[in-house]
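Okay, everyone, let's get going.

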Amino acid sequence: MSKLKVAIQKKGRLSENSLKMLEECGIKFTNGTGKLKNEAKNFPLEVLFLRDDDIPYYVERQVADIGIVGENVVTEHNRSIEIIKQLNFGNCRLSLAIPREAVYTEIKWFNGKRVATSYPRILSDFFLKKGITAEIEEISGSVEIAPGIGLADAICDIVSTGSTLMSNGLAEVETVMNSQAVLIASKKMESDKQELLDRLLFRIMSVLNASGNKYILLNAPDSATSEICSILPGMKSPTIMPLAEKGWNSIHSVIREDEFWEVITRLRKAGAQGILVIPIEKMII
Ligand code: PRP
Ligand code: ZN
């Protein structure tokens with residue numbers, strides 16, 4: 001029987017969350033830290049741990065069928081692969097940063113400067129668009145130390161919490177692109193592999209839907225019930241259950257995380273009491 005081969009980052013920002021996402025999809029692995037491959041126990045899937053920069057190439061060559069990698073890496077490497085889904089984690093930006101003590105007013109600062117980066121393609125496109133002529137120094141890692149050791153005047157690298165920049169005395173001055181983890185796939189997938197990918201994708205969708213939604217329960221008097229139901233559309237419509245105390249109901253529904261605070265305020269105004277909000281683990285639409 002064929003197995004879906006999934007490439008994920010061996011060591012870095014996306015490693016832990018990539019595995020966590022597969023585990024949230026119900027896929028279990030044997031303990032295998034330090035291994036290059038790991039086979040799932042309960043799904044025909046094998047994980048390959050690779051350098052993130054190599055993942056698009058391995059997927060293009062069908063060494064792996066699919067991969068989890070940052071959009072930044074996909075754009076830089078420009079391989080013949082497909083982006084299947086944005087995964088809502090690993091959010092970061094590719095930014096230009098300069099020594100903290102340098103005086104920065106505008107992007108023209110970069111004219112004639114040397115900029116170290118692992119993203120020469122994205123950066124040269126960006127400079128071209130902005131009309132900047134700078135020298136791009138391509139290095140494959142530890143970019144943030146380049147200004148400190150006299151290799152470059154500035155850097156262009158991934159910023160997530162900003163702590164790497166901070167501890168190297170650098171300040172972020174321009175965003176070049178925003179990025180997050182994406183699921184990529186080979187353009188030539190055999191039908192049995194495609195079937196496995198569809199099964200996995202169904203699970204990923206239910207995890208992503210669940211993480212963007214919350215389950216809400218509240219109590220309300222009969223007089224407020226219809227207004228509260230109009231605020232809480234739910235997946236189909238809210239559930240209304242009578243409480244033991246006459247004239248009161250318990251109302252259950254699902255709300256979107258990004259509308260959460262606004263909805264809560266409206267519910268309280270409408271007369272809702274005892275509001276409980278609970279995370280949802282999976283959501284099948
Ligand atoms: C990036 C980048 C920094 C770090 C920034 O590495 O190179 O080292 O993340 O994160 P921070 O702002 O939270 O400090 P990444 O894991 O994306 O990949 P790489 O090691 O392959 O460059
Ligand atoms: Zn990398």
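Let's start with Ser 230, which is exposed at a relative accessible area of 56%. On the cut-offs: buried is under 20% relative accessible area, exposed is over 50%, and partly exposed is in between, with a 1.4 Å probe and protein chains only. Ser 230 belongs to helix 7, residues 222-231; helices here are DSSP runs of H or I with at least four residues, strands are runs of E with at least two, and both are numbered from the N terminus. From Ser 230 to Leu 267 you go 37 residues in sequence, and C-alpha to C-alpha they are 10.0 Å apart in space.

Quick housekeeping. This is a predicted model, so local features need pLDDT of at least 70 and side-chain atom pairs pLDDT 80 or more, while totals for chains, interfaces and linings use all residues. Residues are numbered from 1 along each chain as its sequence is written, chains are lettered from A and ligands numbered from 1 in the order in which they are written, and side-chain values use heavy atoms, with hydrogens and water left out.

Now the ligand. Which residues come nearest to ligand 1? Of the 13 around it, those are Arg 13, Ser 160, Thr 161, Gly 162 and Thr 164, where "around" means a heavy atom within 4 Å. For polar contacts, read a pair of N or O atoms within 3.5 Å. Thr 161 puts a polar side-chain atom 2.5 Å from a ligand 1 oxygen. Gly 162 uses a backbone N or O atom, 2.7 Å from an oxygen of ligand 1. And in the side chain of Thr 164, an N or O atom sits 2.4 Å from an oxygen of ligand 1.

Taken alone, ligand 1 exposes 510 Å², and the protein buries 76% of that; those areas are Shrake-Rupley with a 1.4 Å probe. Two elements give two or more residues to the shell: strand 9 (154-159) and helix 5 (163-167). Strand 9 gives the most, with three residues.

Last stop, the backbone. Gln 62 isn't a glycine, yet its phi is positive, about 65°. Gln 62 is in the loop between helix 2 (55-60) and strand 4 (66-70), and counts as partly exposed at 32% relative accessibility. Asn 88, also not a glycine, has a positive phi of about 65°. Buried or exposed, then, for Asn 88? Exposed, at 54% relative accessible area, in the loop between strand 5 (81-86) and strand 6 (92-99).

Methods. A polar contact is a pair of N or O atoms within 3.5 Å; within protein, one must be able to donate a hydrogen and the other to accept it, and residues adjacent in sequence count only if both atoms are side-chain atoms.
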